[in-house]
Amino acid sequence: YGLLHLQKLPQESILIVKGDVITNSIRYLQQCEGKRPDVQHFDQSMMTYKWFVTKQARHFREIIFPNQVYNPYTEDGYAMETFLDRNALNASRPVYLCGGWYHDEGSAKSGGGIPGFQTWPVGTCDRIREEGDTPTVSQWIEEMEELAFEYPTPSVQKYGEETWERVTYNDYWMAKHKIPMTLLEYSTENNFNQEALQHAAARFEDLILSHPDPPDYFYRNAAISFGRLRMAGSQCRMV
């Protein structure tokens, strides 16, 4: 599970995460097995502790901490927007987000997130890009292909809802669904972009075929994608 988030990232990536399972699985792989030491891994929750910069800053390479603690509401704190301004604008050091933001610093009207930055799903994680740094659909798909992931999911019969194994199972399928769903949303917001729709439809179809018990909304979103395609027969594809 930890390798899902780590192994295919570009060299010298920065990885910002939220969630115990993601954080601890990556920390184990890096500290105990020596995997991907080039990736700099930041747990947002840990960054909110006042001891973090004092104790941990020396372990990071060329990272600028704008103040003493990740907390935009205190005098000695800094916002994630400022942290990204200082560390996420180097093209040779791409930045990714796994598990979502710890704080939504943007307004609810603007959809939350971090002002000045956007996230683009590319695998189990999202690529963080400066606002205005918008890839073409082809560039976006190419990055998805480079970070494509598979995971031998644990048995849902063996592990109950309260177990970490079930958490990894749910996270995996949510990540698999998020990519075509975001392509579908992008298409809707961009005059039903056909390139994005084609990839969304194909990925929804693969998702349904690979899931052991596809939920209803997988079929619904696949049907919407095929229905909006301007290809002969696409409207009947999922029937």
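Predicted model: local features only at pLDDT ≥ 70, side-chain atom pairs only at ≥ 80, totals over all residues.
User: Which residues touch the most other members in the largest nonpolar core?
Analyst: Leu15, Tyr96, Trp140 and Leu183 do. That core holds 42 residues.

User: Which helices and strands each supply at least two residues of this core?
Analyst: On the helix side, helix 1 (2–6), helix 2 (20–32), helix 6 (137–146), helix 7 (164–189), helix 8 (194–210) and helix 9 (216–228). Strand 1 (14–17) and strand 5 (95–98) also qualify.

User: And where does the largest share come from?
Analyst: From helix 7, with 8 residues.

User: What does Leu15 touch, leaving out residues up to four places away in sequence?
Analyst: His5, Leu6, Leu9, Ile26, Val39, Gln40, His41, Phe42, Tyr96, Cys98 and Cys125.

User: Where is Arg36, and is it buried or exposed?
Analyst: Arg36 sits in the loop between helix 2 and strand 2 (40–43). It counts as buried because its relative accessible area is 15%, under the 20% cut-off.

User: What about phi of Glu62, and where is that residue?
Analyst: Phi of Glu62 is near 55°, also a positive value. Glu62 lies in the loop between helix 4 (51–56) and strand 3 (69–70).

User: Why does Glu62 count as exposed?
Analyst: Because its relative accessibility is 70%, and exposed means over 50%.

How values were computed:
Residues numbered from 1 in each chain as written. Heavy atoms only, no water. Core = buried A, V, L, I, M, F, W, Y, C linked by side-chain atoms within 4.5 Å. Buried < 20%, exposed > 50% of the residue type's maximum accessible area, 1.4 Å probe, protein only. Helix = DSSP H or I, 4+ residues; strand = E, 2+ residues; numbered from the N terminus. Contact = heavy atoms within 4.5 Å.
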